[in-house]
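The following exercises are meant to be worked with the sequence and the coordinates open side by side. Try each task before reading its solution.

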Amino acid sequence: MVSLEDSRSLSNSSSNRFSQTRPCYYYTPPPSSSSIKIHWSMGRSMRTFRSNLYQAGGSGSENSGDLSENLSDSVVDVRLDELANKPAFNESSGSEDNYLEISQALSDFSACSSDISGELQRLATIPASDPVENRDPNTEPDPEPEPCHGFLERENFSTEIIESITPEDLQPTVKLCVDALCSSSVAVKRSAAAKLRLLAKNRADNRALIGESGAIQKLVPLLRCSDPLTQEHAVTALLNLSLHEPNKGIITNTGAIKSLIYVLKTGTETSKQNAACALLSLALLDENKLSIGACGAIPPLVALLVSGSNRGKKDALTTLYKLCSVKLNKERAVTAGAVKPLVGLVGEQGTGLAEKAMVVLSSLAGIQSGQEAIVEGGGIAALVEAIEDGSDKGKEFAVLTLSQLCSDNVRNRGMLVREGGIPPLVALSQTGTAKAKHKAETLLQRLREPRQESSTSTP
């Protein structure tokens with residue numbers, strides 16, 4: 001099945017988020033945002049330092065080995081003065097590079113590799129049945145037999161067999177499966193969908209052959225099948241077939257988008273994941289993004305983001321990011337309540353979810369309603385925590401999103417300062433990656449503007 005996840009990131013995503021030995025602190029919102037109910041249980045917080053730093057007359061210093069926690073108010077001011085003497089950055093010229101960068105980063109976390117569910121062992125087999133004369137009349141009848149045509153019955157009908165068959169030799173098998181999709185027997189349709197799913201798993205020439213055979217038009221109705229396993233095989237087969245570019249048009253023209261959304265709402269966990277991935281595959285065509293959003297895909301994607309497995313959350317994040325490259329879908333995502341779970345995921349370091357969540361938040365911060373929802377949902381505090389405790393890439397995404405929130409909003413700048421954002425930003429400008437340093441310095445220069453204004457207005 002296609003999970004749009006890069007296997008390289010998956011190998012690093014299993015680290016235990018609770019393996020750190022550092023003490024945990026909980027985030028207590030400031031009075032100005034008392035309605036926010038987000039608690040941070042990961043990592044070491046700087047709340048004590050922040051409160052001392054920003055209380056009237058506070059010295060703002062703590063005895064700690066962390067660079068940012070050793071920054072007194074005077075040291076921060078010295079660093080800000082240094083930055084003030086630097087030439088101003090041209091923000092507008094770099095905005096496209098920022099979005100290209102986060103898009104590439106999300107692609108680094110998510111790449112097409114079809115059929116992740118690992119359910120191939122459930123492919124069709126015919127159970128051995130007892131002779132009729134020895135059968136107990138009180139026992140239930142045997143399950144309906146699946147198609148009895150040569151190697152299609154074999155449980156080990158797998159990559160080894162498929163790779164040795166040319167598309168020309170495979171045509172009779174594909175035709176058999178396509179014809180079986182019209183059977184009145186659910187078991188027969190299930191078997192056919194499972195075999196088409198496997199045939200389309202790895203080989204592009206097989207996907208082309210199956211797409212030309214008329215299979216897609218017969219698989220789409222199975223997305224609404226009441227049998228969960230048949231539905232799962234059908235959605236995964238369509239996902240695998242969608243990797244062949246010409247098949248995308250056939251799938252959408254058959255009306256599959258609404259049926260994929262139906263699976264996203266009603267299917268098994270694996271079916272939901274594969275439906276999200278199939279929608280992502282279709283959304284790679286710009287003309288499909290609006291129609292997928294208009295058909296109602298975003299609310300169930302948000303639901304998967306809330307209640308899905310880690311795998312489901314990653315698939316939902318990747319699909320939301322792709323759909324939200326369109327402004328109207330950004331608005332739909334904000335309306336569907338995407339911001340609150342995204343902010344919550346920012347704190348889940350070590351799972352591979354935090355960086356993805358920040359990329360989507362950065363996209364939603366491109367519209368006014370998105371910025372407001374992020375601030376109201378405790379996003380500034382979460383992003384400050386990410387700068388303190390996140391990965392190098394996560395820190396870059398966090399400071400980029402904060403820059404968007406503070407670009408033209410003095411109130412948000414003040415909130416960032418009250419949340420203790422300046423010390424970790426100063427630390428990042430000194431010790432972060434080259435990109436993180438640049439972004440942190442740019443944001444610090446912006447934060448210095450209201451400080452200068454207030455100082456010049458004081459008699």
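**Exercise 1. Locate serine 191 and decide whether serine 191 is buried or exposed.**

Serine 191 belongs to helix H7, residues 186-199, where helices are DSSP runs of H or I with at least four residues and strands are runs of E with at least two, numbered from the N terminus. The model is predicted, so local features need pLDDT of at least 70 and side-chain atom pairs count only at pLDDT 80 or more, whereas totals for chains, interfaces and linings use all residues. Residues are numbered from 1 along each chain as its sequence is written, and side-chain values use heavy atoms, with hydrogens and water left out. The relative accessible area of serine 191 is 2%, so this residue is buried (under 20% relative accessible area; exposed is over 50%, partly exposed in between, with a 1.4 Å probe and protein chains only).

**Exercise 2. Describe how helices H21 and H22 cross, and which residues make the contact.**

The axes of H21 (residues 379-389) and H22 (residues 392-406) come within 8 Å and cross at roughly 145°, the axes being lines fitted to C-alpha atoms over the stretch in contact, with angles from 0 to 180 degrees between N-to-C directions. From H21 the contact (heavy atoms within 4.5 Å) takes in Ile380, Leu383, Val384, Ala386, Ile387 and Glu388, and from H22 Lys395, Ala398, Val399, Thr401, Leu402 and Leu405.

**Exercise 3. Work out how many residues of helix H24 are buried.**

In H24 (residues 422-431), eight of the ten residues are buried, and the helix is mostly covered. The buried residues include Ile422, Pro424, Leu425 and Leu428. For the protein chain of 459 residues, 54% count as buried.

**Exercise 4. State what the mean pLDDT of the protein chain is.**

The mean pLDDT (the predictor's confidence in each residue, from 0 to 100) is 75, and 62% of the residues reach 70 or more. Over residues 1-72 pLDDT stays under 50.
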